[in-house]
Amino acid sequence: MSVGRILVVEDEDKLRRVIDLHLESAGFEADGAASAEQAMPRAGLADLIITDLRLPGMSGIEFIQQLKARGIEAPVIVVTAHGSVEAAVEAMKLGAADFLQKPFSLDHLTTVVQKVMAVQSLRAENQRLREELDERYQFDNIIGRSSAMREIFHTVERVAPTRATVLLAGESGVGKDMIARAIHQHSPRKNHAFVKINCTALPENLMESELFGYEKGAFTGATASKPGKFEQADGGTAFLDEIGDVPGNVQVKLLRILQERQFERLGSNVTRNVDVRVIAATNADLRAALEEGRFREDLYYRLNVVPINIPPLRERKEDIPFLAMHFVNKLSNDLGSIAKAISPAALDRLFEHSWPGNVRELENTIERSLVLASGEVLQPADIRIEAPRQSAALASQQTPLLPEGETLEHWEQMMIREALRRANGNKSQAARMLGLTRNALRYRLSQMGLEGESSNGDPAERS
Ligand SMILES: Nc1ncnc2c1ncn2[C@@H]1O[C@H](COP(=O)(O)OP(=O)(O)OP(=O)(O)O)[C@@H](O)[C@H]1O
Ligand SMILES: [Mg+2]
């Protein structure tokens, strides 16, 4: 055990000296004081405090209260007179770590001191770990231990104070919303609005009026003027979710907002200025939309000033246990559930799953498991991972390309025979049908052991 500094507050000089000497011989550093008043200025230096409850002047109980009020966290062992259990109980209620009843043996003193010191150092170690975790693996309430997530936290920290446009990319449920909010929260704009705009599935004209607002009479049904989302976000942040779904016409107007911070309401000639920071998110591949001409290149580059790509959970599995513990803590309180912890074996089960729904799916799984769990600790059997609904991509992956039992090689041979049949054995013609050069076809035919077969009427063959 490391050397600890122990403050001993005892008005009986003889007893105090005996205690001090004994502690010193046990390897501690003892510091004696005859009263609470005398001890108080030195209390902050102590790793542990032993105090008599009956003292001249300030009582031991008052002393403990004072220590607490001053934020002194060293554990306190109280010494009570023989038979005064009530005082000990009161002291324990105030947070004393343990008590000794007079007369006590010096061995017993050592045992109690060592026990309290051990608990104290465990606490300190836990606290240190927790602080380290907080600092390194958490950004606000966003958990991330993987290097990818830590890199993202770093980027968020650097980009938040600026007005730079951020483009968040990642599958559904990876935390794009959370990151967008964190950027806003850490920006000088945090006291202004964070306006989320969902760009999915709004018809073009509705989206325009939603984003830029309209004047009375701008269209049928516009019975009063209305400011748009960008006006609401003035001074703050506009979060454009699913940016890939913005129709072309609106893309032009967004570009203008990004370049000039200007727009007009529908049905108005008045140009308005807004001071808005734009964060956009996409769970689709914007580059593909770009190549297919569905998304303007100039807008893409304006949005992609600071790209943040959030990898799916299956690519940063080391985050799973941390996220799981975080959700158990958070949700077990919300749900008032019995289970408040999770066993290592249950964590292993979570680790093995591939999480197509990412963090959202993990959170839902934990919630379901907590609701249905029977014990205080989530066990593997309590973990209820829902059978995944097949995504379109997954489903198409699972539809066999070839009929069962078929091989690519056999299919190729069938195609080649068919081509030769249709070309009446003319290899040049068959090669054209198959998109092959004549040599490539000849090579394949030799592989099939068909070289020289059915060369009837093919003049090129013989040349
Ligand atoms: N790193 C994380 N730490 C803690 N909670 C997280 C983390 N990532 C995601 N979550 C939680 O998972 C859920 C989904 O996150 P969020 O809504 O931010 O994802 P998203 O990427 O915006 O998803 P979508 O594309 O479906 O809109 C939320 O409940 C969020 O609190
Ligand atoms: Mg989202």
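Student: Let's start with helix α6: what span should its 13 residues have, and how far apart are its end C-alpha atoms?

Tutor: At 1.5 Å a residue, the 13 residues of α6 (residues 147-159) should span 18 Å, and the end C-alpha atoms are 18 Å apart, which agrees. The expected span is 1.5 Å times one less than the number of residues in the helix. Helices here are DSSP runs of H or I with at least four residues, strands are runs of E with at least two, and both are numbered from the N terminus.

Student: And where do these coordinates and numbers come from?

Tutor: This is a predicted model, in which local features need pLDDT of at least 70 and side-chain atom pairs count only at pLDDT 80 or more, while totals for chains, interfaces and linings use all residues. Residues are numbered from 1 along each chain as its sequence is written, chains are lettered from A and ligands numbered from 1 in the order in which they are written, and side-chain values use heavy atoms, with hydrogens and water left out.

Student: Back to α6. Which of its residues are buried?

Tutor: They are M149, I152, F153, T155, V156 and V159. Buried means under 20% relative accessible area, exposed means over 50%, and partly exposed is in between (1.4 Å probe, protein chains only).

Student: How are they arranged around the axis of α6?

Tutor: Seen down that axis, the buried residues fall within an arc of 165°, so they line one face of the helix. The arc is taken from the directions from the helix axis to the C-beta atoms.

Student: New topic: how many salt bridges does the structure hold?

Tutor: There are 30 salt bridges, each being a side-chain nitrogen of Lys or Arg within 4 Å of a carboxyl oxygen of Asp or Glu. One of them joins the side chains of E29 and R5, at 2.7 Å from N to O. That pair links distant parts of the chain, with E29 in strand β2 (residues 29-33) and R5 in strand β1 (residues 5-9), 24 residues apart.

Student: Which residues are in a network with those two?

Tutor: R5, E29, D31 and R42 are linked in a network of salt bridges. E29 counts as partly exposed at 35% relative accessibility, and R5 counts as partly exposed at 27%.

Student: What about K102, which residue does it pair with?

Tutor: K102 forms a salt bridge with E12, and the closest N and O atoms are 3.4 Å apart. K102 lies in the loop between β5 (98-101) and α5 (106-137), and E12 in the loop between β1 and α1 (13-25), so the pair ties together parts that are 90 residues apart in sequence.

Student: Is K102 buried or exposed?

Tutor: K102 counts as buried, at 18% relative accessibility.

Student: Now S187: where does it lie?

Tutor: S187 is in the loop between α7 (176-185) and β9 (194-198). It counts as buried at 4% relative accessibility. A polar atom of its side chain lies 2.8 Å from the backbone oxygen of H184.

Student: Last one: where is L211, and how far is its C-alpha atom from that of E231?

Tutor: L211 is found in helix α8 (residues 204-212) and is buried, with a relative accessible area of 0%. The C-alpha atoms of L211 and E231 are separated by 8.3 Å, with the two residues 20 apart along the chain.

Conventions:
Polar contact = N/O pair within 3.5 Å; in protein donor to acceptor, adjacent residues only side chain to side chain.
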